[in-house]
Amino acid sequence: MSTISVFCKKGGVGKTTFIGYLGHYYAKQGKKVLIISADDQNSIFKIFGEDDKIFESDDNYLEFYIAGRAELGDLLIPVRENLYLIKTLNTDKLSMKLTYERAQEKVIKSMFKEYATFFDYILVDFPPSSSRLTEILLEISDHVCIVVGLDTLGLGGFWNTIQYFIDNELDLESIKYIIPNGYSKNRRAPKVSLEKLQEQVQEFTPHAKLLNPIADRSIVKNLQAEGISAFDEVELPPYDRGLKEQLEKDLKALFDELEF
Ligand SMILES: Nc1ncnc2c1ncn2[C@@H]1O[C@H](COP(=O)(O)OP(=O)(O)OP(=O)(O)O)[C@@H](O)[C@H]1O
Ligand SMILES: [Mg+2]
């Protein structure tokens, strides 16, 4: 079992997209996958077109387990075969609780241990803002992946993330992969950003592996608007089908390289 966090202190860089596709890829290989949304926007549900499930029930948020008002099994929301999501209600409030009631931290840690007996992978999706919850979850993760947007702001996000680890005494060596997102061979900015990122990775996280960049593909947004994951088998018009196949091929090549 591996606990994998996908993090970056910059919003909108593709964290949730990456985690959703990776989780679905593993689930399709027959692995049991749990994705915990530490982001109370719960946008991971959108990747699978399951937004309705966020509001279907109001007693199965992560916080209810921590407060002793729900069982572990109650939190699991199935979205695909072998793939379950957990939603959060208010991460700021939860973080306050975690700061003032230290015993709650133990509850979270034992929760991960319990889930680890059932799931092959536990993936954690974070908001770009940081909180006590973020620190705890990053600390208990076996591996951390940083998704970096390939533009000037994205690079700033990488640097802020490194600074955040240093400030909070988090282990920089837990960062296993750096994943550049939004590459385009016809545009200059992503290429330049990628070169700069290579330098920064060398300097600040030399033990981490910088993966091949994920291309900026319009089909990603189109599929998400329809609630279709890259690994769903669906009927599409020929042009879109071609784009989706290309996306799947890219993602498979990337995911097969990962060792968790
Ligand atoms: N490779 C890509 N090509 C094109 N669009 C992409 C790609 N990756 C992500 N996107 C789009 O970028 C937007 C932001 O992606 P996503 O929600 O995954 O980012 P995030 O880092 O999780 O954001 P937040 O910080 O708000 O949680 C979404 O509309 C998504 O469809
Ligand atoms: Mg997100």
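Author: The secondary structure of this predicted model comes to twelve helices and nine strands in the protein chain. The radius of gyration of the chain is 18 Å, and the globule rule gives 18 Å for 260 residues, so the chain is as compact as a globular protein of that length. Along its principal axes, the C-alpha trace spans about 55 × 45 × 25 Å. Buried residues account for 39% of the 260 residues. Take the contacts between residues at least 6 apart: 79% of them join residues at least 24 apart.

Now the strand itself. β5 covers residues 121–125. Five of its five residues are buried, so the rest of the structure largely encloses β5. A residue counts as buried when 20 or more other C-beta atoms lie within 10 Å of its own. Both faces of β5 are covered. Y121, L123 and D125 are buried on one side. I122 and V124 are buried on the other.

Next, the partners. Strand β1, residues 2–7, pairs with β5 in the parallel sense. Five bridges join β1 and β5. Here S2 stands opposite Y121. Strand β2, residues 33–37, also pairs with β5 in the parallel sense, again over five bridges. In this pairing V33 stands opposite Y121.

V148 lies in β6, residues 143–149. V148 has 28 other C-beta atoms within 10 Å, so V148 is buried. Set aside its neighbours within four places in sequence. V148 is then in contact with C8, V13, G154, G157, F158, I178, I179, P180, N181 and L197. Q202 is 54 residues from V148 along the chain, and their C-alpha atoms are separated by 15 Å.

Last, the ligand. There are 19 residues around ligand 1, and G11, G14, K15, T16 and T17 come nearest. Three elements each supply at least two residues of this shell: α1 (15–28), β7 (175–183) and α11 (218–226). By type, the shell divides into five nonpolar, nine polar and five charged residues.

Back to β5, then: five of five residues buried, β1 paired with it, and β2 paired with it too.

Conventions
Residues numbered from 1 in each chain as written. Chains lettered and ligands numbered in written order. Predicted model: local features only at pLDDT ≥ 70, side-chain atom pairs only at ≥ 80, totals over all residues. Buried ≥ 20, exposed ≤ 12 C-beta atoms within 10 Å, placed from the backbone. Helix = DSSP H or I, 4+ residues; strand = E, 2+ residues; numbered from the N terminus. Pairing = 2+ DSSP bridges. Rg over C-alpha atoms; globule rule 2.2 N^0.38 Å. Contact = placed C-beta atoms within 7 Å. Near = placed C-beta within 6 Å. Nonpolar A, V, L, I, M, F, W, Y, C, P; charged D, E, K, R; others polar.
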